[in-house]
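Open the model in your viewer and keep the selection tool at hand. The tour goes from the whole chain to single residues.

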Amino acid sequence: MAAENKETYLVGDMNIDLLKCSNHLKTGEYLKSVFSHGLLPLITKPTRLTNHSATLIGHIYANKEDI
């Protein structure tokens, strides 16, 4: 994607909690895969909050940093 220099977005409710990327192997692998395609997360704060937990399961990625 990045080699073609096209503006790219990946959007979805992946149900993968990015806040666990450092202590959950599969989440870390998923994020490394996204990064390897030149995409960066635009959402970096929790998207689902309850009285007892916070998760980041709504995902939007882009290959442009100046959005």
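Start with contacts across the whole chain. Residues 24 or more positions apart supply 57% of the contacts with a separation of 6 or more; a contact means heavy atoms within 4.5 Å. This is a predicted model: local features need pLDDT of at least 70, side-chain atom pairs count only at pLDDT 80 or more, and totals for chains, interfaces and linings use all residues. Residues are numbered from 1 along each chain as its sequence is written, and side-chain values use heavy atoms, leaving out hydrogens and water.

Color by secondary structure. The protein chain has one helix and five strands, in the sequence pattern β-α-β-β-β-β. Helices (H or I, at least four residues) and strands (E, at least two) are DSSP runs, numbered from the N terminus.

Now select the sheet. Three strands form an open, antiparallel sheet in the order S1-S5-S2. S1 and S2 (40–41) are the edge strands, each pairing on one side only. Pairing requires at least two DSSP bridges between two strands. S2 and S5 (residues 58–62) pair over two bridges. Pick Leu40: its bridge partner in S5 is Ala62.

Next, show helix H1, residues 25–36. H1 packs on the sheet and touches S2 and S5. Its direction makes about 25° with that of S5 (axes are lines fitted to C-alpha atoms, for helices over the stretch in contact; angles run from 0 to 180 degrees between N-to-C directions).

Finish at Tyr9, in strand S1 (residues 9–13). Buried, partly exposed or exposed? Tyr9 counts as partly exposed, because its relative accessibility is 41% (buried is under 20%, exposed over 50%, partly exposed in between; 1.4 Å probe, protein chains only).
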